[in-house]
Amino acid sequence: MSAQKIGWIDNLRAVACMMVIMIHTTTWYITNSDRVAESAWDGANLLNSASRVCVPLFFMISGYLFFGERSAQPRHFLRIVLCLLFYSAVALVYISVLTPINEKLSLLHLLQKPVFYHLWFFFAIITIYLFSPLIQVKPTTARYVMALVLVVAVLANPNTADQTIDRFQWLPVNLYISGNSIYYLLYALLGRALGTMQTERRGINWLAALLFIACVAGIAVGTKNELHINGAFSDLWYLYCGPLVFIGALSLFVLFKNALNRPLPILALISRNSLPIYGFHALIIHFMRTHYLDHKQWPLLDITLVFTVTLAGSLLLALALRRLDKRHLVS
């Protein structure tokens, strides 16, 4: 794999990692609209909307790496299982020592749901790894990818908001697509297809940037409309498999591939440590939110503070773990 390809993948992975932290940093504001000023909710909603592509990007990166000539090897499976066990154990210790949560219930349902909410990703990525030896994505055209996205991600997406004329429902079309797993797999497939496609054409970068901005605006506006309609937060437009998140993720993927293909030192550092940063970050945010170490009365300061402390703290823990974990099994 060339240095150029590694560069844009590292940059993209690092930004996706920071987006995950931003989502969890702003969640309190999004889910407590009755306790925050409208301007604070709008700001948090915009930041959260712009970050929704993070998890799809992780699946796309995995597909790009493992759905081609090379596939996931036994060491990759071992690493992801060890990561699941290690960060679940860390979360159990945190729950037991620093929270009133019943750790026995968390342990009892370990194989049905994650010990801590963010660890679900380790379960989902195992499926992508399992498929990788069977899949080698063939070169395809941009026209085909656009048609596929239109049909599967928009017209027949069960997460597309219902559209009716009188009593006739015309969206979404029922092609019997159900469950998120098929969309996680589709992200991986498209990650490989777009990653190997010739996308460096005139105007593509501007189109990708404008599409991403439009998707972020649509997610933010749609979420606020749902808030006014329901009187409470709805995650309809936030769903990782929703149409706007889907298109936004593909757009940002292409933009990074074309325009940010040189490795940037800070992003490279975050990328190398993205796995432990992901594993630790939610615990730091939870601790700050539940131990009054935040400043919700000043939303802008609070979001900046929680995000910065979480990123820095997670990175420091990741660097310390790498010194102990010489074989990088969980770091």
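The side chain of serine 251 reaches the backbone oxygen of isoleucine 247 at 2.8 Å. The model is predicted: local features need pLDDT of at least 70, side-chain atom pairs count only at pLDDT 80 or more, and totals for chains, interfaces and linings use all residues. Residues are numbered from 1 along each chain as its sequence is written, and side-chain values use heavy atoms, with hydrogens and water left out.

Serine 251 lies in helix α10 (residues 243-259); helices are DSSP runs of H or I with at least four residues, numbered from the N terminus. Leaving aside residues up to four places away in sequence, serine 251 touches Ala208, Leu211 and Phe212, where contact means heavy atoms within 4.5 Å.

Two helix pairs are listed below, with axes fitted to C-alpha atoms over the stretch in contact and angles running from 0 to 180 degrees between N-to-C directions.

| Helix pair | Axes come within | Crossing angle |
|---|---|---|
| α3 (residues 54-66) and α10 | 9 Å | roughly 55° |
| α4 (residues 74-98) and α12 (residues 274-290) | 10 Å | roughly 15° |

The angle makes α3 oblique to α10, and α4 roughly parallel to α12; under 35 degrees counts as roughly parallel, over 145 as roughly antiparallel, 65 to 115 as roughly perpendicular and the rest as oblique.

In the α3 and α10 pair, Pro56, Leu57, Met60, Ile61 and Tyr64 of α3 meet Val245, Ala249, Leu250, Leu252 and Phe253 of α10. In α4, residues including Arg79, Cys83 and Phe86 meet residues of α12, among them Leu275, Pro276 and Gly279.

Conventions
Helices (H or I, at least four residues) and strands (E, at least two) are DSSP runs, numbered from the N terminus. A polar contact is a pair of N or O atoms within 3.5 Å; within protein, one must be able to donate a hydrogen and the other to accept it, and residues adjacent in sequence count only if both atoms are side-chain atoms.
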